[in-house]
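This report describes selected features of the structure shown below. It treats a loop residue, a helix and the surroundings of a ligand in turn.

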Amino acid sequence: MRCSVLGAGVSGLTCAVKLLESGHEVEIVSDKFSPETVSDVAAAVWYPFLTAPAERAGEWGKVTYQELERLAMDSPESGVTIRDGREYLREVVELPSWKDDISHFRVLEASEIPDGFVFGWEFRSPIIEMPKYMPWLRGKVESGGGSFRQMFVNDMSEVEGELIVNCVGLGARELCNDEEVRPVRGQVIFVKQDPGLGHYDQQPESLTYTIPRSDVTVLGGTAQVGDWGLEIRDEDNELILRKVEAIWPDLDRSKIVGGTVGLRPFRSEVRLEEEEIGGIRVIHNYGHGGAGVTLSWGCADEVVSIVGGGKES
Ligand SMILES: Cc1cc2nc3c(=O)[nH]c(=O)nc-3n(C[C@H](O)[C@H](O)[C@H](O)COP(=O)(O)OP(=O)(O)OC[C@H]3O[C@@H](n4cnc5c(N)ncnc54)[C@H](O)[C@@H]3O)c2cc1C
């Protein structure tokens with residue numbers, strides 16, 4: 001089938017790779033490409049954060065974990081590595097539903113929990129270095145025979161092909177008149193210091209993380225709902241550093257080398273479903289909030305199975 005994939009973030013590129021592998025023809029149509037997408041800003045650790053619906057997201061996350069783990073082993077040039085991290089909580093909560101889907105999970109001893117926290121767990125997780133991963137994904141699309149077209153789409157009728165896969169993220173506010181999609185602003189800091197283990201407090205109201213990549217450690221974060229501001233704010237940097245120091249007291253502020261901002265495409269639930277628009281089949285795949293990388297391969301698999309008609313179906 002001739003498929004047009006709208007959007008060149010992690011969702012669009014991953015769908016394109018899977019569609020090509022299933023024998024479809026693919027053109028990616030997007031107004032912006034890496035390194036100018038939200039996906040390029042992702043920190044990025046596999047961790048189901050700010051996403052729903054729970055059951056489907058659980059399955060998408062599980063599939064993605066397995067694929068990222070495989071990439072870390074077989075394709076290190078993809079920029080995926082595996083690290084242990086520790087999540088700290090201010091109250092005792094139920095263990096996450098995904099704990100049995102990952103290769104290592106254990107509850108922390110009291111002596112391993114920093115002051116101010118009462119509970120926590122250690123988990124093994126893929127770290128995805130987006131500056132390497134996005135070009136690697138694009139390379140997979142190119143070597144699979146996919147093509148790219150730069151174009152801002154105002155209306156689905158402007159797009160060629162038998163079928164459209166819609167991965168425009170926050171762009172769905174305009175393209176689909178979907179006001180459910182809102183920005184959740186995230187600011188991060190880069191530091192040339194390795195914390196060894198990743199340290200996390202992933203509650204939306206206190207969101208704090210230290211994500212160790214090979215070039216820098218990404219410190220975060222903020223989750224400001226409805227905030228469209230793309231400028232780096234000093235007060236947010238100060239807040240992030242204070243929160244990080246509470247879970248990683250060894251942080252050396254003199255090793256800070258930069259930072260950036262991105263707008264997560266948040267929706268109360270990811271929209272992954274088929275709709276017919278003007279006689280064309282459109283499969284929506286947007287609204288992944290803070291977990292677009294975490295859910296990417298599982299969502300792409302579901303898109304391909306909805307498309308059907310490939311060599312595997
Ligand atoms: C600071 C920060 C940290 C994050 N950390 C993590 C993390 O650790 N783990 C994780 O899983 N996720 C993380 N995320 C979330 C993740 O970045 C997003 O969920 C993900 O990038 C969404 O990908 P996407 O491809 O759906 O959207 P995008 O990357 O936004 O891509 C959308 C694409 O659609 C194109 N487009 C939009 N409208 C149109 C139009 N009308 N016509 C043509 N093209 C259009 C855009 O140009 C772009 O190419 C983080 C986000 C931020 C901001």
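## An exposed loop residue

Met-151 counts as exposed because 12 C-beta neighbours lie inside 10 Å, and a residue with 12 or fewer is classed in this way. The model is a predicted one. Met-151 belongs to the loop between strand 6 (147–150) and strand 7 (163–166).

Leaving aside residues up to four places away in sequence, Met-151 touches Val-29 and Asp-31. The C-alpha atoms of Met-151 and Leu-6 are 9.5 Å apart in space, although 145 residues apart in sequence.

## Helix 3 and its buried face

Helix 3 comprises 14 residues (130–143); at 1.5 Å a residue these should span 20 Å, and the 19 Å between the end C-alpha atoms agrees with that expectation. Met-130, Tyr-133, Met-134, Leu-137 and Val-141 are buried in this helix. Viewed down the axis of helix 3, the buried residues fall within an arc of 100°, so they line one face of the helix.

The elements that cover these buried residues include helix 1 (10–21), strand 2 (25–30), strand 3 (80–89) and strand 5 (119–128). After helix 3 comes Gly-145, with a positive phi near 95°.

## The ligand shell

Which residues are closest to the ligand? They are Gly-9, Gly-169, Gly-171, Gly-186 and Gly-292, within a surrounding set of 41 residues. By class, the shell divides into 20 nonpolar, 18 polar and three charged residues.

At least two residues of the shell are supplied by each of helix 1, strand 8 (182–191), strand 13 (256–266) and helix 6 (292–307). Helix 1 is also among the elements that cover the buried residues of helix 3.

How values were computed
Residues are numbered from 1 along each chain as its sequence is written. This is a predicted model: local features need pLDDT of at least 70, side-chain atom pairs count only at pLDDT 80 or more; totals for chains, interfaces and linings use all residues. Helices (H or I, at least four residues) and strands (E, at least two) are DSSP runs, numbered from the N terminus. The expected span of a helix is 1.5 Å times one less than its number of residues. A residue is buried if 20 or more other C-beta atoms lie within 10 Å of its own, exposed if 12 or fewer, and partly exposed in between; C-beta atoms are placed from the backbone. The arc is that of the directions from the helix axis to the C-beta atoms. Two residues are in contact if their C-beta atoms, placed from the backbone, lie within 7 Å. A residue is near a molecule or strand if its C-beta atom, placed from the backbone, lies within 6 Å of it. Ala, Val, Leu, Ile, Met, Phe, Trp, Tyr, Cys and Pro count as nonpolar, Asp, Glu, Lys and Arg as charged, and the others, Gly among them, as polar.
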